[in-house]
Amino acid sequence: MHRHGAGQIASLTFDKGFTRTDDRALLQLYVPTVVMPKRGKKTAAETQGDREQTFVDLRKEHSAVKSDINCLEHHGLNRCLDVGLPGYQRYVGFGVLSYNLHVIGRELLAHERTRAEVGRRAA
């Protein structure tokens, strides 16, 4: 079993709407970088913090992760019916395997299209 503790997680990002000063302060005790964008009107300090490169980069990564989660949901990982931690780990493994096979297949098709296009040009 993997343990997550102080020093194991470099950053956490959240969607807008999960911003609470108390939560952020508590999380910052354990995680070096906590990104909690705020909805609505921001103070000057919050606006300045949102413009920092680390904040911007982590928000972009957050969007990419949300996209990957959505893709996994479309490949059958939207609801785990297995019971217990071993079942959950197996279920996640199958979902990730499914996604990876989809990506590999897409790359192979693109490679095949490129080869066919080169063959047509040569003929």
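User: How do H3 and H4 lie to each other in this predicted model?
Analyst: Helix H3 (residues 53-74) packs against H4 with the axes 9 Å apart and an angle of about 100°, where axes are lines fitted to C-alpha atoms over the stretch in contact and angles run from 0 to 180 degrees between N-to-C directions. Since 65 to 115 degrees is the range for this class, H3 and H4 are therefore roughly perpendicular.

User: Which residues of H3 and H4 make the contact?
Analyst: Contact means heavy atoms within 4.5 Å, and helices are DSSP runs (H or I, at least four residues) numbered from the N terminus. H4 contributes Gly95, Val96 and Tyr99, while H3 contributes Asp68, Cys71 and Leu72.

User: Which residues does Cys80 touch, not counting residues up to four places away in sequence?
Analyst: Cys80 sits in the loop between H3 and H4, and its C-alpha is 8.4 Å from that of Val92, 12 residues away in sequence. Beyond its sequence neighbours up to four places away, Cys80 touches Tyr88 and Tyr91.

User: Is Tyr88 buried or exposed, or in between?
Analyst: Tyr88 lies in helix H4 and, leaving aside neighbours within four places in sequence, is in contact with Cys80 and Asp82. Because buried means under 20% relative accessible area and exposed over 50% (1.4 Å probe, protein chains only), Tyr88, at 46%, is partly exposed.

User: What do the numbering and the values rest on?
Analyst: Residues are numbered from 1 along each chain as its sequence is written, and side-chain values use heavy atoms, with hydrogens and water left out. In this predicted model, totals for chains, interfaces and linings use all residues, whereas local features need pLDDT of at least 70 and side-chain atom pairs count only at pLDDT 80 or more.

Definitions and conventions: Helices (H or I, at least four residues) and strands (E, at least two) are DSSP runs, numbered from the N terminus. Angles under 35 degrees count as roughly parallel, over 145 as roughly antiparallel, 65 to 115 as roughly perpendicular and the rest as oblique.
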